[in-house]
Structure formats: C-alpha cells, structure tokens
Amino acid sequence: MLKTSARRMTLSGIAVLTSGALLATAAPAAMAADRTQERTVAVEAAEQAPPLTAEQRRFIETGMGPEAMAELEKAMSQGSSGSVQPRAFPIAAAAIAAAAWCAKGALGSIPTSVLSDIAAGKASGKKTYVRNAVIGCIGGEIGGVVWKFLPGWVKDKAVNMVIAFIIKYIR
C-alpha cells in the first residue's frame, strides 16, 4: 500500500514537470503563431475588400470630417516614436473601408436598425459587441499601436464611420 502511494506521487510529480516543460517550450511558439494568424486575417480582409470608389471616399471623408481625417492620417504616417513609418494605405479612408469589409462578417447577424442606433450613440444591448468587432478590424487595418495613440473623439468617429459604411455600401 505504501509503495502504491509513493508510486502515485512520483508519477504525479513527473506529470507536473513534463507538462511544465512542454508549456515553457510550446507557449512562446503558440503565441507567435496567434499573432501571425491575426495579421494574416487582417491582410486577407483587406485583399477581399473591393477598391474604394470616389463616392465612398467622399462619404468617409465627409462623415469623419477634416480634423479627424488629418489626425488619423498623421497617426498612420508616424510611429509611436514620431518617426515616419511606411503604411499599407495611402489614405485613412481606405483603412476605414477595409475595416468595414473586415467587420461585415462579425456584424452579419446584427440588424441594420441596431447598427444605426449604435452609430447614432443610442443605447443597445449589443453595443459592446459591435464596437469591439469594429475596433478589432480598425486596429488590424491601421495598426494596434496607432489605434492606442488616437484621441478618443477620433476613435469614436472611426467606429461610427465603419458602421455607417457597412450600412450604406455593404448591406
């Protein structure tokens, strides 16, 4: 009986050590794979988006306003250190449109009336879900670091513009 208890404790110890070693070696690779997959999904969404038309560009620029567009483009062109960074999109309007195409799948089951209410600032039980889906897509298009440094009012306009673009051009 004593040998069986000692054997169980030894086997439990070996299992703990083995799983700890596997976790220490496999976790960093898995985390890197997740980040790579997120970037791939964002790139695929941008590639699936049709080209931005002049009408769509005017719609976004008018809806965002010149101050918000300037702030967004400035943030996209500068890194967090202030140095000029290359960017995937020549204009912020293209990033908004690409984010809308990215978010359309996540928002496919949300009624248009709910999206309209959220864009208008009205309360909704799905507001957090919708905003998080849109923010995830915008962050993927313009870069998460850029998103973090944007003023709150620009973030709100960008989220609302993505929702408006989905309603007007995608649905």
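Q: In which loop does Ala 120 lie?
A: In this predicted model, Ala 120 lies in the loop that runs between H5 and H6.

Q: Why is Ala 120 called exposed rather than buried?
A: The relative accessibility of Ala 120 is 56%, and since a residue counts as exposed over 50%, Ala 120 is therefore placed in the exposed class.

Q: What makes Ala 97 count as buried?
A: Ala 97, which lies in helix H4, has a relative accessibility of 6%, and because the limit for a buried residue is under 20%, Ala 97 counts as buried. Leaving aside neighbours within four places in sequence, Ala 97 is in contact with Leu 52, Ile 60 and Phe 165. For Phe 165, which is 68 residues away along the chain, the C-alpha separation from Ala 97 is 7.0 Å.

Q: Why is Gln 56 called buried?
A: Gln 56 has its place in helix H2, and its relative accessible area is 13%; buried means under 20%, so Gln 56 is buried. Beyond the neighbours within four places in sequence, the residues in contact with Gln 56 are Pro 51, Phe 165 and Tyr 169.

Q: Why are H2 and H4 described as roughly perpendicular?
A: The two helices pack at an angle of about 100 degrees, and their axes are 9 Å apart. Angles of 65 to 115 degrees count as roughly perpendicular, and H2 and H4 are therefore given that description. Where they meet, H2 brings Arg 57, Ile 60 and Glu 61, while H4 brings Ala 93, Ile 96 and Ala 97. By class, the residues of this contact divide into four nonpolar, no polar and two charged.

Q: What makes H6 and H8 roughly perpendicular to each other?
A: H6 and H8 pack at an angle of about 100 degrees, with 10 Å between their axes; because the range of 65 to 115 degrees counts as roughly perpendicular, the description applies to H6 and H8. On the H6 side the contact is made by Val 130, Arg 131, Val 134, Ile 135 and Ile 138, and on the H8 side by Asp 156, Ala 158, Val 159, Asn 160, Val 162 and Ile 163. Eight nonpolar, one polar and two charged residues make up the contact of H6 with H8.

Q: How do you know that the span of H6 agrees with the value of 1.5 Å a residue?
A: The 16 residues of H6 should span 22 Å at 1.5 Å a residue, and the end C-alpha atoms of H6 are 22 Å apart, so the two values agree. Among the residues of H6, those that are buried are Val 130, Arg 131, Ala 133, Val 134, Cys 137, Ile 138, Gly 139, Glu 141 and Ile 142. Just after H6, Gly 143 takes a positive phi of about 105 degrees.

Q: How many residues has H3, and what does it reach from its first C-alpha to its last?
A: H3 has twelve residues and reaches 16 Å from its first C-alpha to its last, which is close to the 16 Å expected at 1.5 Å a residue. Within H3, the buried residues are Ala 68, Met 69, Leu 72, Ala 75, Met 76 and Ser 77, and what covers them includes H2, H4, H6, H7 and H8.

Q: Which residues in the largest nonpolar core touch the most other members?
A: That core has 40 residues, of which Ile 60, Leu 72, Leu 107, Val 134, Ile 138 and Ile 142 touch the most other members. The elements that give two or more residues to this core are H2, H3, H4, H5, H6, H7 and H8, and H8 gives the most, with ten residues. Leu 107, once neighbours within four places in sequence are left aside, is in contact with Leu 115, Tyr 129, Val 130, Ala 133, Val 134, Ile 166 and Arg 171.

Q: How many helices and strands has the protein chain?
A: The protein chain has eight helices and zero strands. Of its 171 residues, 30% count as buried.

Key
Residues are numbered from 1 along each chain as its sequence is written. This is a predicted model: local features need pLDDT of at least 70, side-chain atom pairs count only at pLDDT 80 or more; totals for chains, interfaces and linings use all residues. Side-chain values use heavy atoms; hydrogens and water are left out. A nonpolar core is a set of buried Ala, Val, Leu, Ile, Met, Phe, Trp, Tyr and Cys residues joined through side-chain atoms within 4.5 Å. Buried means under 20% relative accessible area, exposed over 50%, partly exposed in between (1.4 Å probe, protein chains only). Helices (H or I, at least four residues) and strands (E, at least two) are DSSP runs, numbered from the N terminus. Contact means heavy atoms within 4.5 Å. The expected span of a helix is 1.5 Å times one less than its number of residues. Axes are lines fitted to C-alpha atoms, for helices over the stretch in contact, and angles run from 0 to 180 degrees between N-to-C directions. Angles under 35 degrees count as roughly parallel, over 145 as roughly antiparallel, 65 to 115 as roughly perpendicular and the rest as oblique. Ala, Val, Leu, Ile, Met, Phe, Trp, Tyr, Cys and Pro count as nonpolar, Asp, Glu, Lys and Arg as charged, and the others, Gly among them, as polar.
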